Amino acid sequence: MANQKLLKKVAPVVLSAAMAMTSMPTVAMAADFSDSDVVSDAVEVEETPDAETETEVEVDTEEVADDTADVDVVEDEDADTAETDSEEDLFSSELTEDEFSDQAGDDQTTGEAYVLMNIPYDDFYKAELKNNDVKVDAFTSATLNKSRTAGMMNGNSAYHTDVEGTNLAGVTFPVKVSDLALLKDQKKVTDDDSVTITVTNKGQTASNTYTGKDSLIENASYSYYVLSEVPGYYKELTVNEDGSFTFSDVKGAQEKTVEATAELKTQSKYGDYQLKINNETFSSLISTSTDKIYGATVNTTDGTEYGMRHLENIWKGYELAWCTGFTTSVHGCPTSSEHYKSMMGKTIDSVTYYTDKGIITFDVNDEKVLTKTGVKATVANIHTTDTEAAVTLDGTLPEGFAAKYTVDGTEVAYADGKITTGTLAAGSHTLVISDENGEYAPIQASFSAKEAAVPAAYDAENSKLVPAEGSTEEQLTAYIKTITAVTVGDKTYQATGKGSKVIVKEDGTLDLTGIEVTNGTKFVVTSSGYDDFAFDYEVAEYKYVYAGLTWAQYWAAEGVYAAGDATASADKDTRGEADLGAFDTVTRATTNHGLHRGSFQTTAIIKGEKGSYAVSYWEGQSTVVFTDGTKATYSRGTLTFEDGTTDEMLDYEVSGLKYVPVKVKTSDYEDFKKAYTVVENDGTLVGGYGEFNLQSYNLTADVTANTNGLKTATKNEDGTFSFSARANGTDSGVKDAALKKAENITTTVKEASGNYGEFLRVDLTGDGYGDLGAAMQAVKWTYYGNDSTCTNALQTYGTKFAADNWMHKSMGIQLGLTKSLRCQLPEGYDGTGYWTLTVYALGYEDFTVQFQATDANIVKPAKKEVDTTALEAVIAEAKALKESDYTPASWVNVANELEECEEMLANIDKQTQNGVDEQITHLREAIDSLVKAEFKLNAASGTLYTQDKTSTTLKVTTNLAGTVTWKSSNTKVATVDSKGVVTAKAAGTANITATLNGKTATYKVTVKNAMSINKTAVTVYVGGTPASYTLKATSAIGGTVKYATSNKSVATVSSKGVVTAKKAGTAVITATAGKAKITCKVTVKNPSIAAKAAKTTIYTKGQTSTTIAVTKSGVSGTAKFTSSNKNIATVDSKGVVRAKKAGTAKITVQVGKLKKVVTVSVKNASLKLSRTAATINRGKTTTIKVSAVPTGKVTYTSSNKGVATVTSKGVVKGVKKGTVVITVKCSGMTAKFKVTVK
């Protein structure tokens, strides 16, 4: 036991040191641990989660992965918990603090001392082990990092001797040395020493520097560090005659024995055996994250002990593993078996841990170490249709091995080298050969049952797996989920687990990132449920697609001025528009400019107050279709979506071209798709809006290596892409279409006007401009100055749609150049001279024209004031018009041209007279082309009937385009279909409304019943009352009303509508007038009476009467009542029957000639007690049990409440000694119950 007085003096000093020295063991077992302490693992302890203190590096966690395939152990999921025991009274020492401090220190070389020393495992365990003198070897690590990683050696309690960390030699432990001079030949570590260890795990490199005593982690065996304080536990050093060292058993440490459960596995990837102690018990005493585990011994019932080493044997604290000669390496590290071989056949009964808390022994349940045979089994894979599997053993089972064969836990037969499996489901299965005598460890082997037909084929063109012939997409998806590995060439990639790489993605595409493949590289796909699937890889070098590019990306390699520059400009052109930047996005705050025509070839986006919407094309003038397939109607800046929500447009952006033919390396294609919007071959190319000469299009993509305008996309080092100059080709890029050539085009160099902000303008007109305009993507201008041969270019310019290029529905393609950041004339030139411009269009050859620009074609700053009189007049005229008076198709042109005029007037100081005059012409032409809107119905009101005249068709007269919609204000009265057919449903009125483009017309319909009748159902009686009934039917559509019966034998009807009963049954009377009719259902019955007593049983007491109720049908008169036996029961004139005595009486009820008999039983009433007397003690109770016929309320009365009381439930309670009588009453009957109280 520890010296308690000394402990009180030393503990504060040592505890302070313990906080400062992470490698120094300073804490002995808690004082409340004693030899007699035994703690059951069922004891509830408070758990504290482990604190992760090592942050230097991410360690390899595969060392502690669960062995889920093992068959003889069920893993628990317990988590480590921190130690919470008291740290009082933990130390003992042979020296006082003052005595030791006077001697110890870095400068001490002689005299008694305490040191931290690196002790080889064999030396450490020699004094601790019993009955086992086989050497405990060092651990040799082939992984290198494991023995050098902080925290991997249970609190750095072990050390390695070489820089590489391959030799984990032993334990760093406190040692008492009688004379430091004995260590003169060993390395002394001081506070000035340090080692830096660099570890790389999973691609992450971290370095840790260990100084002073901590540097013992990487030092030779027997290296030591002199302690300045007395440790609480230690070994004593003895120097032998030959100079070798011997170490005593551990001194000073508290010892504790704890009961715990444990499980032993004979199948483990960490050795031949694996022992797991209940973690809840273990972690309540030892924390693997904060406590030091110097060593552990596994102890058997015959008194033999086996020493465990770090990493190979001890790695998770509560889990231990060891080898006995069959597993020669684990994770590439050679194992040591000689020390542990003799354990086979013995029984483990305890495990002892040497920790900085003391020596803790876990008294575990007995676990027999079944002897390994060394025989390995191999089971051939089978198909799911097979019922047998071949089993091969690489050795002979020893005598006495009573083999039992099971597959997935089910016993199977074995004969002639085969097991009878029966049909197995696809997947992995496990064969276990166990010894029924319980002497030998089971032999385990896994095998697979697989489907023979693989539902996959290799699509070389798209580099992916696709469904095999006869297979479905669902089957392919299921197959891909079963893939466990893919072998590419000579390297296999696992699909799951550590270091896995998924080659076949969920959609079947091959992810070959980081893998070098060439044509012919062999691929083998391994599945848990199917046979191997092999194919030869074919390199598809390029993928050909259409891609959406910005203006800057498109022009970057085309050699134009400011190529690739996306700089914007805050300056405005002559129209007040921000078109003066380089190749930035074109933004227009307008409600009409470019909305339709920007959808042909450009990436057009409507920006609203609530969101942004990418335009695909237009369906008609007012319906826009977005790229996500949704639609909205558009009217003067307001978008109305299909769900009824709206948004107001803020801007309209044209950011680039949406269909640029591109080729990109197949290996880069997935990244390319993430960065750009693409349309693959056989995809749809759609855009535009059909109006006059401009038509929308819907084409199928077919980009080839020879497509005209093809650009090459190259992936840059930073992951972005660059694009080459466009290449000329002879293919159109459109499926089943040849490359078009622009024809019937007239080129006109326009007189200077600057109408659209340009300084030079060329219009393309003629019969062929419409299709070229719809396909136009970009225009390149080249300026040659005075070179009439157009040979030596001075400068080349790129353009942007909506800023420079435009097309009109009837006035041609309008191409302009704007002085801007993208277009600066060479110094000394004003734009006059020779030019070429080239139109690049989807599916077209490049169209180039050459022209000369004169001074008259170049827009110059206005030198004289522009006359705006005519402009203001035509604006006023247009504003005075009412939109609803005209067709939408003609009005939109006025609205667009009016906006252009107003923009021009707002920026009049930048305009020319020619430009103003041209715009006036455009608006005048639009006004003169207006068409008056007409929308009316062929009638305003009408009457329909529920029969005969039930419908009418309304017709619309209109010059508006579109589909008329119809609506009824009351569909219960009248409905209307999409063709204007109104159908009567029920009497009433409804308004039918026709709507088209905001115009409405209304028709009021009145619906009347064609016929009516005074009764739709009636009942009459044969010979009874009533025997007939008169029906009255009327017709609203005219004609004589006629009556007919469906069954004359039941009821007849006269021409006047008189219905007469004939015999019991039903008949339908139909009244008709023309094509209209109405019916009445007639029910004919025989006269009858019914009699029923409220109660058929009454009693002589209590319930002494009942009343007979009489129901009359088709008969009149007063009911009369008579009794068959008045001595038993009487009856009065009102049908009240009264009991006289027990018996049965028949009561006859008569109305006229009709009679009914009701039988009434009279029974004697009775009141019985289960007993008539009882004796009870004072304060005690008894209950009176009553049986009453008839049932009724029972009352209880005590003759003397002072002696006994009784409750309403008949519970009698004794009060004092005496006798009372309890009177029981029910339904007029009385009984007595005598109670005697003692």
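Between which strands is the loop that holds Asp416 found? Asp416 lies in the loop between β26 (413–415) and β27 (418–420), where helices (H or I, at least four residues) and strands (E, at least two) are DSSP runs numbered from the N terminus.

This is a predicted model, in which local features need pLDDT of at least 70, side-chain atom pairs count only at pLDDT 80 or more, and totals for chains, interfaces and linings use all residues. Residues are numbered from 1 along each chain as its sequence is written, and side-chain values use heavy atoms, with hydrogens and water left out.

View A. Asp416 is not a glycine, yet has a positive phi of about 55°. Because its relative accessibility is 80%, Asp416 counts as exposed (exposed is over 50% relative accessible area, buried under 20%, partly exposed in between; 1.4 Å probe, protein chains only). Ala562, also not a glycine, has a positive phi of about 60°. Ala562 is placed in the loop between α6 (551–555) and β37 (586–588).

**View B. The open sheet β33-β32-β34-β35.** The sheet has four strands in this order, with antiparallel pairing. Two strands pair if DSSP finds at least two bridges between them. β33 (491–494) and β35 (533–536) are the edge strands, each with a single partner strand, so one side of each has no neighbour in the sheet. On average, neighbouring strands are turned by 20° against each other, direction ignored; axes are lines fitted to C-alpha atoms, for helices over the stretch in contact, and angles run from 0 to 180 degrees between N-to-C directions. Strand β34 (residues 522–527) runs antiparallel to β35 and is joined to β35 by four bridges. Opposite Phe533 in β35 stands Val525.

**View C. Helix α5 on the sheet.** Helix α5 (residues 473–481) packs on the sheet and touches β32 (483–488), β34 and β35; contact means heavy atoms within 4.5 Å. The direction of α5 makes about 80° with that of β32. Leu476, Tyr479 and Ile480 are the buried residues of α5. Seen down the helix axis, the buried residues fall within an arc of 100°, so they line one face of α5; the arc is that of the directions from the helix axis to the C-beta atoms. These buried residues pack against β30 (456–459), β31 (464–467), β32, β34 and β35. Glu474 and Lys481 are exposed, on the face of α5 turned away from its buried side.

**View D. Packing of helices α9 and α10.** Helix α9 (residues 869–879) packs with helix α10 (residues 888–906) at an angle of about 140°, and their axes are 10 Å apart. On the α9 side the contact includes Leu871, Ile875 and Ala878, and on the α10 side it includes Trp891, Leu898 and Met904. By class, this contact has nine nonpolar, no polar and three charged residues (Ala, Val, Leu, Ile, Met, Phe, Trp, Tyr, Cys and Pro count as nonpolar; Asp, Glu, Lys and Arg as charged; the others, Gly among them, as polar).

View E. The peptide bond from Thr1025 to Pro1026 is cis, with omega near -5°. Pro1026 is in the loop between β67 (1017–1021) and β68 (1028–1030). Val1189 and Pro1190 are joined by a cis peptide bond with omega about -5°. Pro1190 is in the loop between β86 (1186–1189) and β87 (1194–1198).
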